[in-house]
Structures are given as C-alpha cells and as structure tokens.
Amino acid sequence: MSAGLDSATAPRDGTAPHSVTTLHSDVEELLDALAADRGREALLHRDRRITAGELVDSVHRLAHALDGRVEPGRVVALLAGNTPEAVVARCAVTLLGAGITQPHEGLSAAAQARIVDDVEAPLVLADADAASAAEPVLALVPGVDVLWLGPHGADTDVTAEAATASTAPVRGRARPDAIEQIRHTGGTTGHPKGITYTFDHHRRGAELRRRGGFGGGDAGSRLLVATPVAHVGGSLADRTLTGGGTVVLQDRFEPGAFLAALERERITHTFLLPPLIYRLLDHPDIDRTDTSSLRSLVYGGAPAAPRRIAQAVERFGPVLAQFYGQTEAGGISALSPEEHTRPELLETVGRPIPTTGISIRDADGAPVAPGGRGELWVRTGMEMDGYWKQPELTAATVVDGWVRTGDVARQDADGYLHLLDRVKDMIVVVGGHVYTSELEDLLMEHPAVRHAAVFGVPDDDGTETVHAAVVADFPAPSADELTGLVADRAGDMYVPRSIEFVGRIPLTGIGKTDKKALRAELTG
Ligand code: AMP
C-alpha cells in the first residue's frame, strides 16, 4: 500500500493508526443479496423499475469508473436527492472503501457547501437530476473536483463512463476503522455537526439492530421511502434490499403522491416522521385510498401527539410502531403495534430495546431518583465514533461509553420512557421550565387542532415567553378556548402568551418541525 493512502486514512484527531485489513461490509452484503436474486424488482422510482441484477451491475460499473478517483479513507460528498443514482453512488463509493456524506437537500446552498468544505471532500458526485440544487452549492466550493451523475453540459458524466464499464464484481476495500459515513445534524448556522461512523462501527450497529428485533425487511416486503435517503429512510432501504424486498423511492414527501403509491404499489412497510403522518390523515384522499397492504408503519424522529397517533391506528390498523433513536446514539426504545392498543402508552416512546442501557441524570451527571426527570444518557453499542473534527464536543457528548442524548425524559414504574423535550428547546419561564413537546401534545388534544408547535422568545429579564402556532380545522377554536385547556391541564405557567393560527407548520427537509423557521416567520 502506498504511503499516500496511509496518510489519507490516518485519523485526523491523532488517534490510533488504521489497520489495513478489510472487512465484508454492509454494502457487500447488500450486493450479495441482490446478485443472488437478479430478477427481483429492487428499486422503483418515477416510471423506472430496476431489477436487483441491474442495480448490482450499476454499482460495480460505477465502482470501476470511480476506481482510482476515490481513495479509501477519504470522504466523498454526494449532492443528490432520493434517486436510484444516489443509491448506486453511495454503494459504489463505500465499496471502494471511501466514506460518503450526503447533505440533506432541504439545507440551504451555503449550509451544504459548509459540509462539503468541512469534510475536505476531494470529490463531489452531483446528480444531474438535481442540478439546479447542486449548482449553487458547487459555486461556493470552487476548486473541488466534480463528477456528474448524468449529463450536465460539457462536464464529465461518470454515469455515461460507467455504462460501458465492466460488470465484473469489485472486491470491497472497506477497512474497519476508515470512515464509512458522516451524517450532519444542525448546520443551518455555524459549524455543522458531522456524526461519524467507521465501517466497523456501522457493521456492529447493524448486528445489534438485527438482534434488537428491528427486522431486516423480509423477502416480499415493499418499502415506500419518501423521507431523505440520507436519514433513516436510507438505512431502511438498505435493510429491505438486503433482506430480499423492494424499495419504492419518492423524491420527496407529498401526501397525495404518497397515498397513491401506497395503494398502487401494494406497499407493506414505510417510515414517517409524525408531522408527515398528520399530513396524510388530513389529506382528502385518505378516505378513498386502499391501504390494506400496509403491514408496518414505523414512525419516530420527532415527538408524536397521542391523539393523532390514535387516529392513525384507527385509520391504518394495528400496524403502527414507534421508534425512538438518535443519529449520535443509535436505537434507544420502541413501542410495538400491540402496545398501540393501550391509549395510555401512546404518551410514551416505549421501553428501551433489549440491547440499550439507560440512565436518567441531573445537570451534574448524577442519576436522579427513580421516576424523576432528567437528561437521558444511553449506552447502545451502536453509538457514533464521534463528531467530525470536534473532539471537545465528542468528549462532552460521549462520556465513559454513555451518550448524552440532550433529551429530557423520565421512566415510569413499568419501564416506559416519557420524553418531555430537547434540553435546548425547553423554555425557561418565570417560575420554572415549559417542556415544549408536552405543551404541543396538550394543544393537539383539542379535536380541532391538527398540528401545534411551541417555541420561546427571549424576554428582557433573561427568561423567555411561550408562543404557539396551531393548524386547526374550520371553524377553529378560539385562542381563549385553547389557553383555557392549557391552564386547566398544566397550569398558568404553560399558557402561551400568543397563539397564532397558521395554514401550515414549516418542516425541515427530513420532516421535523422547523422551530427556527417558525420563530423567524412569526416574530420577524
Ligand atoms: P436525529 O438524530 O436527527 O434522528 O434526531 C434525534 C432526535 O429526534 C432525538 O434526540 C429526539 O429528540 C428526537 N426523536 C427521535 N425519535 C423520537 C420519538 N420517537 N419521539 C420523540 N422524539 C424523538
């Protein structure tokens, strides 16, 4: 191996040098599964239906075309949406032992450019299908090498090169301690937080997920992915393809198109963030869509309102399962479909999965008394390898093998976890704290409230005032009716100073409530 490669794979934080042994990585397992059943329908996107054989050939062809242009140990940036090209590119890059980062399309061009810059990407792969989104990002990172996936003027189209390349399998070059993936959270301002996984870690995480009972997507399962493949949707797609199923990719979540695909493609599995479930329930097509093929609707990634989840159970049947996890920490807890038949459990995020240990601690890191509230610390065995180039932040977040989740929680006597808020979203008011998720759930208990979001605005005295935005049915309840409900149930401290009735709560590219955007919209 050349000295150049060694230095390229050396960790930037000065920790132990990389080993040169390679491992049979997740992507090889995925490709093996595709090659074993070439005729199966693997990936559906718009009007394309791609078989497992075509998919595995495309990955090897692209890996041949990228060979020598992608170095093991370096991180390639992928500017792409939810397309087969993005899936193929990610597989080809990781097969060659390099890492990948795919900024969410929903981020601004400046935020995506900061990510490309931050990971020191020697190469950007840009999907020609998303050229208008990629071009402004590329304009901000001059000097970086760019290869286009698809035709883009006179620029190099690596997909065209790959079309004539060999389909002979490329042997995986993954080294256990080289970076496989960096996923970014935040990044709308300042230094993006890059959550880093090595090949080895990712693999061990996959093993634990299997043992934790999250399934691998069995043969015959048909997964609909309408959330970014760079987030949970992509991990589930990989598991479905490896397990023998079919993945239907949509460019973005649009409730009408989602319902249509559900019926047309006889979808069996899907994943959604709670606000997206609310949009499905509120869509006029919900009553005329045949959703009887659905066997599993997993939701998570953001707080879910019990009343709205109960509605979803009523509409979709006993197929809802909640998952609580975090990019930094991995899987934490789950609420099974059977548990969804007990309304009181919908107020919880379920019980810790068998392989996860939890501890609820006060601000000094000392465990609180049983049943008490505090920050949730977890040990999952599938936590990140650290934040990219931010050793202090990593040390503050992963302490003695425990990940500090930044979530405020309590565990009840039956072992169920109740999530109250993100520590940073909690609103400090005169006399205490307001937990925003708790207040949102309360507002959504009103039968006419479809969605609610709560945020704090700094006051002159160092505290904050509580504000809410509400999407309601017509005729909408009055603000007084809602504040009355809050005062009755939670006390005056929880009563918002203002309640705005809005047409829609802004969501991030992933589908979480975008509190920053909301605050900016409502407070100017
Ligand atoms: P991310 O790493 O972007 O997936 O965000 C993880 C965060 O989303 C967690 O720390 C929680 O604050 C929130 N979250 C994830 N799953 C759930 C859930 N089931 N219920 C409530 N909040 C959740």
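This is a predicted model: local features need pLDDT of at least 70, side-chain atom pairs count only at pLDDT 80 or more; totals for chains, interfaces and linings use all residues.

Residues are numbered from 1 along each chain as its sequence is written, and side-chain values use heavy atoms, with hydrogens and water left out.

First, the cavity. By cavity I mean a set of points, on a 1 Å grid over the protein atoms alone, where a 1.4 Å probe fits but cannot get out; lining residues have an atom within 4 Å of a point. Grid points are joined across faces, edges and corners, and the volume is the space filled by probe spheres set on the points.

Searching the whole structure gives one cavity of 30 Å³ or more. The largest cavity has a volume of about 60 Å³. Its lining consists of L79, A80, P103, E105, Q112, A130, A133, A134 and V137. By class, that is seven nonpolar residues, one polar and one charged. Which helix gives the largest share of the lining? Helix α6, residues 131-139, with three residues. Helices here are DSSP runs of H or I with at least four residues, strands are runs of E with at least two, and both are numbered from the N terminus.

Second, salt bridges, meaning a side-chain nitrogen of Lys or Arg within 4 Å of a carboxyl oxygen of Asp or Glu. The structure holds 26 of them.

E265 and R49 form one, at 3.0 Å, N to O. This pair links distant parts of the chain, 216 residues apart: E265 sits in the loop between α10 (255-264) and β11 (269-272), and R49 in strand β2 (residues 48-51). For accessibility, buried means under 20% relative accessible area, exposed over 50%, and partly exposed in between, with a 1.4 Å probe and protein chains only. E265 is buried at 8%, and R49 is partly exposed at 45%. Both residues also belong to a salt-bridge network with E41, R222 and R264.

D37 and R40 make another salt bridge, at 3.5 Å, N to O. Here D37 is partly exposed at 37%, and R40 is buried at 9%.

Note on methods
On a 1 Å grid over the protein atoms alone, a cavity is a set of points where a 1.4 Å probe fits but cannot get out, and a pocket is an open set with protein on both sides within 12 Å along at least five of seven lines; lining residues have an atom within 4 Å of a point. Ala, Val, Leu, Ile, Met, Phe, Trp, Tyr, Cys and Pro count as nonpolar, Asp, Glu, Lys and Arg as charged, and the others, Gly among them, as polar.
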